[in-house]
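Reader: I have a structure open and want to go through its side-chain contacts. Can we take it topic by topic?

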Amino acid sequence: MTTTDMPAAAPLGRSARWRILTYLSFLMALVAIGAPGGEVIGIPLRFVLKNKLHMTAPQMAEFRLFAAIPTYLCCVFGFARDIWNPLGRGDRGFMMLFGGLGAALYIVFAFLPVSTATIFAATVLLTSAALFVASAQQGLTATLGQQHEMSGQVSVVFNVFGALLGMATALLGGAVSDRLEALAPQDAARALFLLGALFMAFVAAYGAWRPPVVFDNLRSERAADLHPWRDLKRLAAHWPIYPAMLIWLLWNFAPGSSTPLQYFLQNDLHAKDAVWGQWNAIFSGAFVPTFLLFGALCQRFTLGKLLVWGTVFAIPQMVPLLFIHSATGALVVAVPMGLMGGVASAAYFDLIIRSCPRGLQGTTLMLSASLASVIVHFGDVLGTELYSRYGGFAACVAAITAVYALILPALLLVPRRLLGGMDEGRPTPAPAE
């Protein structure tokens, strides 16, 4: 598929760009709250499994590994977004159809007997529904970022709002978990599932809305005659995605940053459930200043320089955890840890957007989500083994730092044409592939 015959998009003013990004941000918020893997539902569910169904740390890591199977196939959901037009409404059709389906599934599971098996089944099915919506959201985000040469600005807003949302939902998830602690397992799970149903219904309603500022400024890149096999071959032959995905994979591996850290805070430092939510909130929020810094720098420096500088600062990100001896200390060091990762994370996401082949943005971004999910969960299992075998969190910190250091040589594989440009916010015609 080529796109050289497509007209260039009209220039967007600042107000239009911000309204587009606001639309995307609210969609991201609805999915983050309603998805079972999000913090609002996910944190309380993990504590239901830990405190009420008495899962050990290795059992929890294994449960999360297998319950996340749909996320390993994110690229399939993204490819469906690129070649399918549900309800004849494109990305909005995905929101309407799978938002409604997700709400219905939540209601069904709210009234089934609670057990490890039902929570597992609910997580798998509801995650699948949420991923169809997420593929529409991310494909739309990448397409607008490419078409208007604002991938850096899109990355900043996407990451800033994601961090603030992560902060808010982590706090809310921890608080919800504390409130549910006094309830029986059945009542706690029912309350969570009904909350999820409410927000997935909001997703469906959001999809029914068609703001002209978003969709009238979107240039279609779908071929008149779809050839899925040819598109898959085109994606496989597109070299720029390989180094971008390798870097993203290394950045997300982080063995020990999830289940072992949760058990380290609670078992070793005697923190309450809410502290885990607070730690995640502070860590997420601390990314924001350096995300904003990237937003200023990406219009003055090339992406190549920002990738190197960001990576150098991010390599020792987890080291502060070696120097804490209390739950309060953990909350304090979450601030510098978040600050150290902001520029790198925004730069890596910018690189992924730039590496997308035209017309396959949904597939590419959801492929990055697939890789991240696989590596996060296998990293969690490895980190849990290191934590259990060596009796402390120091081994996890050493492993994470070593993996992050491998990103520097991986940067040498990135095509130079993706590294030289600065963010300009101007529309550009799509090139032939």
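**Side chains, patch and backbone**

Author: Trp 209 is partly exposed, with a relative accessible area of 48%. Keep in mind that this is a predicted model.

Reader: Which residues do ring pairs link into a cluster?

Author: The cluster consists of Phe 77, Trp 84, Phe 94, Phe 98 and Phe 132, linked by ring pairs.

Reader: Switching to charges. How many salt bridges are there in the whole structure?

Author: The search finds seven salt bridges. One of them joins Arg 64 and Asp 380, with the closest N and O atoms 3.9 Å apart. Arg 64 is in helix 3 (residues 57-67) and Asp 380 is in helix 18 (residues 361-390), so the pair ties together parts that are 316 residues apart in sequence.

Reader: Are Arg 64 and Asp 380 buried or exposed?

Author: Both are buried.

Reader: What does Asp 91 pair with?

Author: Asp 91 forms a salt bridge with Arg 81, and the closest N and O atoms are 2.9 Å apart. Asp 91 lies in helix 6 and Arg 81 in helix 5, so this bridge ties together parts that are 10 residues apart in sequence. Asp 91 counts as buried at 7% relative accessibility, and Arg 81 is buried too, at 8%.

Reader: Which residues are in the network with them?

Author: Arg 81, Asp 82 and Asp 91 are linked in a network of salt bridges.

Reader: What about Asp 231, where is its partner?

Author: Its partner is Arg 234, and the two side chains meet in a salt bridge at 3.3 Å, N to O. They are three residues apart in helix 11 (residues 228-236), which means a separation of about one helical turn. Both Asp 231 and Arg 234 are buried.

Reader: New topic, the surface. Which residues form the nonpolar patch?

Author: The patch is made of Val 308, Trp 309, Val 312, Phe 313 and Leu 408, with about 460 Å² of accessible area together. Helix 16 (residues 303-314) gives the largest share, four residues.

Reader: Take Val 308. How accessible is it?

Author: Val 308 lies in helix 16. Its relative accessibility is 36%, so Val 308 counts as partly exposed.

Reader: Last topic, the backbone. Where is Leu 87, and what is its phi?

Author: Leu 87 lies in the loop between helix 5 (74-83) and helix 6 (90-110). Its phi is near 60°, a positive value in a residue other than glycine.

Reader: Why point that out?

Author: Because most residues other than glycine have a negative phi.

Reader: What is the phi of Ala 254, and where does that residue sit?

Author: Ala 254 also has a positive phi, about 40°, although it is not a glycine. This residue is in the loop between helix 12 (241-253) and helix 13 (259-268).

Reader: Buried or exposed, for Leu 87 and Ala 254?

Author: Leu 87 counts as exposed at 53% relative accessibility, whereas Ala 254 counts as buried at 9%.

How values were computed:
Residues are numbered from 1 along each chain as its sequence is written. This is a predicted model: local features need pLDDT of at least 70, side-chain atom pairs count only at pLDDT 80 or more; totals for chains, interfaces and linings use all residues. Side-chain values use heavy atoms; hydrogens and water are left out. Buried means under 20% relative accessible area, exposed over 50%, partly exposed in between (1.4 Å probe, protein chains only). Rings of Phe, Tyr and Trp (its six-membered ring) pair if their centres lie within 6.5 Å; planes under 30 degrees apart count as stacked, over 60 as edge-to-face and the rest as tilted. Patches are made of residues with over 30% relative accessible area and no salt bridge: like charges are joined within 9 Å, nonpolar side chains (Val, Leu, Ile, Met, Phe, Trp, Tyr) within 5 Å. Accessible areas come from the Shrake-Rupley method with a 1.4 Å probe; for residues, only the protein chains shown count as cover. A salt bridge is a side-chain nitrogen of Lys or Arg within 4 Å of a carboxyl oxygen of Asp or Glu. Helices (H or I, at least four residues) and strands (E, at least two) are DSSP runs, numbered from the N terminus.
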